[in-house]
6 protein chains.
Amino acid sequence: MQISARNAIKGKVVKVDVGAVNATIKIEVEAPHTITATITKESVEELKITEGEEVMAIIKSSEVMVAKK
Amino acid sequence: MQISARNAIKGKVVKVDVGAVNATIKIEVEAPHTITATITKESVEELKITEGEEVMAIIKSSEVMVAKK
Amino acid sequence: MQISARNAIKGKVVKVDVGAVNATIKIEVEAPHTITATITKESVEELKITEGEEVMAIIKSSEVMVAKK
Amino acid sequence: MQISARNAIKGKVVKVDVGAVNATIKIEVEAPHTITATITKESVEELKITEGEEVMAIIKSSEVMVAKK
Amino acid sequence: MQISARNAIKGKVVKVDVGAVNATIKIEVEAPHTITATITKESVEELKITEGEEVMAIIKSSEVMVAKK
Amino acid sequence: MQISARNAIKGKVVKVDVGAVNATIKIEVEAPHTITATITKESVEELKITEGEEVMAIIKSSEVMVAKK
């Protein structure tokens, strides 16, 4: 299955915490990879985001899905 | 600033593509790191997600924010 | 109330599972309907998404809201 | 590939609208199916959501991904 | 229409910026109101979030819908 | 830290409700502020959203993060 989501990051499950309805999964990522972000033009200009600089990709855990081959 | 988002992944901007309203940013991540996912208990059971196994973290690019120190 | 969300899909509640903070709701959808997705131009090109072909709309349950008249 | 997202809805692409960075995809869904929503316990109580009643699943198009076999 | 989304914040449209596929809307909010966030237990503990303290609600613009009576 | 998310709304924590995996936080917002929404061009046209009119910003609580200085 191919999926339109731009980020498919390989890793190893290191923790599974199950609650009544939800669960938290921790995935250890070793290999280098590329993350794609879609943000507003306004924020690119305001933060002066340019190629070559150090940034952080910020992702709420509720936006991360887990897939298995 | 501390933020509740569980994923703050360091990397280098390698591409900035600006459209009329949105922009796509590519971030190269070198260092190993941990990704946290919050998914349903149902999906943990259905996919039989267990510690130690290889998985993929799937993230739509529109859910990724960019931050700078 | 009109809402900008493009997907308002009618159905019948068949299951309500309540946890400490969250709840999972199952909604049975009978009638045909159209789903709108906003994805990146890059993914349209990479997956070669074209009119007439069979695809799947993938939606994390935490992105689905429930509304009542 | 199995994915933790609870909603994988089959349909046919009927429209592809490509912009500078994003694209809008319309998918026609014929077959009956079940939609899973994760909402707060508070909203279940406030809206008095109960099994058997008619509701609408509301989903922002930017939360819908597209997948192909 | 009642909706499970916990945040329905009244305001006045002050800017509408339309692109090829998406649009950015600015809404001026005058009246005091309450915002509800659902975050992980882990982040509450790590950030030591307690009642009475000053915080910021951080919301990506692609997660905000617009509704009209 | 600067972040690309367009909405950073100051307020006071008035309630913290912790479950097994997630927690619900209520934040009282006093000061006037601007909310930015990114929606589809299609919805702007369908809802005829124009400058000067009263609307509601609708936000699912699972899309709201909390930050502290």
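Reader: What does the accessible surface of chain A come to, and what share of that surface belongs to carbon and sulfur atoms?

Author: The accessible surface of chain A comes to about 2700 Å², and carbon and sulfur atoms hold 49% of that surface. Such areas come from the Shrake-Rupley method with a 1.4 Å probe, and for residues only the protein chains shown count as cover.

Some ground rules come next. This is a predicted model, in which local features need pLDDT of at least 70 and side-chain atom pairs count only at pLDDT 80 or more, while totals for chains, interfaces and linings use all residues. Residues are numbered from 1 along each chain as its sequence is written, chains are lettered from A and ligands numbered from 1 in the order in which they are written, and side-chain values use heavy atoms, leaving out hydrogens and water.

Chain A has six strands and one helix, in the order β-β-β-β-α-β-β from the N terminus. Both kinds of element are DSSP runs numbered from the N terminus: helices are H or I with at least four residues, strands are E with at least two. The C-alpha trace of chain A spans about 40 × 25 × 25 Å along its principal axes. Its radius of gyration is 15 Å, whereas a compact globule of 69 residues would have one near 11 Å; the radius is taken over C-alpha atoms, and the globule rule is 2.2 Å times the number of residues to the power 0.38.

Of the 69 residues in chain A, 62% are buried. Buried means under 20% relative accessible area, exposed means over 50%, and partly exposed lies in between (1.4 Å probe, protein chains only). Among contacts in chain A with a separation of 6 or more, 25% join residues 24 or more positions apart; a contact means heavy atoms within 4.5 Å.

Now to the neighbour. Between chain A and chain B about 6400 Å² is buried, and carbon and sulfur atoms give 59% of this area. Met56(A), Ile58(A) and Lys68(A) supply 11% of what chain A buries against chain B, more than any other three residues. Buried area here is the accessible area (1.4 Å probe) that two parts lose on being put together, summed over both. The contact takes 60 residues from chain A and 60 residues from chain B.

On the chain B side, Ala5(B) sits in the loop between strand S1 (2-3) and strand S2 (7-18). Ala5(B) is buried, at 6% relative accessible area. Leaving aside residues up to four places away in sequence, Ala5(B) touches Ile58(A), Ile59(A), Lys60(A) and Met65(F). Thr36(B), 31 residues away in sequence, has its C-alpha 9.3 Å from that of Ala5(B).

Chain A also meets chain D. Ala67(D), in strand S6 (residues 65-68) of chain D, is buried with a relative accessible area of 1%. Beyond residues up to four places away in sequence, Ala67(D) touches Met1(A), Gln2(A) and Ile3(A), and also Val55(C), Met56(C) and Ile58(C).

Elsewhere in chain B, Lys48(B) lies in the loop between helix H1 (41-47) and strand S5 (54-59) and is exposed, at 61%. Phi of Lys48(B) is near 50°, a positive value in a residue other than glycine. Most residues other than glycine have a negative phi.
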